[in-house]
Protein chains: 2
Amino acid sequence: MKNPMKRTSVADPASDTSTVARLLSYIDFANLKPGTRLPSERELAELLRTSRGSVREALAVLDSLRVVEVRSNSGIYLRVRATDYSFDALVLQANTGVAVKPVEIRQSMEVRTALELKAVDLACRRRTKEDLHQIRRILAETEVEIANDKGIEEQDHAFHLALAAATQNDIYARVLNSFYWFSRLRRRAYFSNPLHCRQSQREHIAITEAIASRNSKRACALILKHMKRAEIYWGGALNQDRVKLSNARKPEQK
Amino acid sequence: MKNPMKRTSVADPASDTSTVARLLSYIDFANLKPGTRLPSERELAELLRTSRGSVREALAVLDSLRVVEVRSNSGIYLRVRATDYSFDALVLQANTGVAVKPVEIRQSMEVRTALELKAVDLACRRRTKEDLHQIRRILAETEVEIANDKGIEEQDHAFHLALAAATQNDIYARVLNSFYWFSRLRRRAYFSNPLHCRQSQREHIAITEAIASRNSKRACALILKHMKRAEIYWGGALNQDRVKLSNARKPEQK
DNA sequence: AATAATGAACTGGTAGGACCAAATGCCAGG
DNA sequence: CCTGGCATTTGGTCCTACCAGTTCATTATT
């Protein structure tokens, strides 16, 4: 077949050639206009050199992410505006090896910062003792990982998630979670540098203190700085890529 | 087979018995703990009285929505925390006929309000003439629909999406879009009352004026009022449900 | 007896075929 | 020109078969 070595889920983010990713890049490659009708499932299966079943699984995913609209007995249509796509469609792409554009990183950071700010503000007012314990437990775990010279991507994720949980509003955690997944690979790379881990941990501790003392003003200021630092880092680190990209179109694979 | 009358996509939100929905309600019904391993695909197919293919399509969706983790040759596992689920998982439920809990409505309104506020603020500063034209065009369309005694769910959606677009940041539109889809059915019901349509339109016009004159303070105040009104409406209308629910069971997590 | 090697059973991943019903489009008949 | 009806296309569902890792209990080895 096409790729005999690996068998992975059609939607598996870890797969570098998942059918969803290939379907997505086909749409991109064919430069299909919004609202366009895609080839039929049977044709897509041929085009992608796979079975109809796999195509259907991929389509089901893209449908749930509002990238595509499947109309019974009629056809498959691209959604009208690109903003119809769920943010999770971007998340999926980012984790299937599709190159994330610098703009997307910057824009996502802007939204994430807005959410995180509001979340921290609420957390200061609503956090329970248990929330605080949970946050500090994660901080302790992080300390251990750092001491063992390991990355702290997981713990970083958990920390921010715990902050979100302290708002007593699950939706914050759910939405922010998408952003964490979106930046997962980048954060993993970032935290491969021990210095970054330590710096991050310092800031997390300060933020925790502020939340412990319910000092919303200070907590917001700290998290803003935390976010800004990441934003600058990625913005800067990706300038080179930007140049490369503008020269030769965006690379398909990582 | 099981349901011979209707043929709808596995992920089709309009279907009231989609496999995703049934799988979701099975998980709920079986009261599976986080991290639990689900029955195998073949067993699930039997349980849900359907084919393995359909189950796989549903699983692909739930996987992309981070409800479930499919591990190759090992099994299907529920994600550890409920907050791992993408918000779009809720959106999916809401559009597959699963009853939306009042808590979820309230919480989603809180997050949506935070996003919408920030978005309007940015829109005031960044909106272009074209953005303004687009918004006013939608306003005009709405006027027509109202004159024809039709619902304005579509136009309401478009209006808020246009506001988000004026931020020059697609991610706002993408994320907010999920919230609009989440409340789609409720808004449809809401706008079946012509009075609500008119009231909404009045507020939309006022907001547009504020954005036109780049008066961020005023625009934020107006959109906040707009949101609050909706929040109160749904909170009030759903108090009965709240009673019902509190008898049956307490709100989920925390 | 503890441990390591082995192999059978199970599980997800993929392919391909078959049938249904609704939508679509073409063509003949009015 | 319009209309009714037929053949095609298309998505929705089901089934069977096979592959290749995973798992785990049994067996062989130390």
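Modeller: What follows is a walk from the contact between the chains to the packing of helices inside one of them. This is a predicted model, in which local features need pLDDT of at least 70 and side-chain atom pairs count only at pLDDT 80 or more, while totals for chains, interfaces and linings use all residues. Residues are numbered from 1 along each chain as its sequence is written, and chains are lettered from A and ligands numbered from 1 in the order in which they are written.

The contact draws 43 residues from chain A and 43 residues from chain B, two residues being in contact if their C-beta atoms, placed from the backbone, lie within 7 Å. On the side of chain A that touches chain B, at least two residues each come from α3 (52–64), α4 (87–94), α5 (102–126), α7 (153–165) and α8 (170–182) of chain A; helices here are DSSP runs (H or I, at least four residues), numbered from the N terminus. The largest share of that side, eight residues, is supplied by α8(A). By class, that side of chain A has 19 nonpolar, 13 polar and 11 charged residues, where Ala, Val, Leu, Ile, Met, Phe, Trp, Tyr, Cys and Pro count as nonpolar, Asp, Glu, Lys and Arg as charged, and the others, Gly among them, as polar.

Of the interface residues of chain A, 95% are also interface residues in chain B, so the copies meet through the same surface. Chain A is superposed on chain B by a rotation of 180° with 0.0 Å of shift along its axis (RMSD 0.1 Å), by least squares on the C-alpha atoms of residues with pLDDT of at least 70 in both. The two copies are thus related as by a two-fold rotation axis.

Within chain B, the axes of α5 (residues 102–126) and α8 (residues 170–182) come within 11 Å and cross at roughly 145°; axes are lines fitted to C-alpha atoms over the stretch in contact, and angles run from 0 to 180 degrees between N-to-C directions. In this pair, S108(B), R112(B), L115(B), E116(B) and A119(B) of α5(B) meet Y172(B), V175(B), L176(B), F179(B) and F182(B) of α8(B), and these residues divide into seven nonpolar, one polar and two charged.

Helix α4 (residues 87–94) of chain B also packs on α8(B), at an angle of about 25° and with the axes 8 Å apart. These two helices are therefore roughly parallel to each other, a term for angles under 35 degrees.

How values were computed: Angles under 35 degrees count as roughly parallel, over 145 as roughly antiparallel, 65 to 115 as roughly perpendicular and the rest as oblique.
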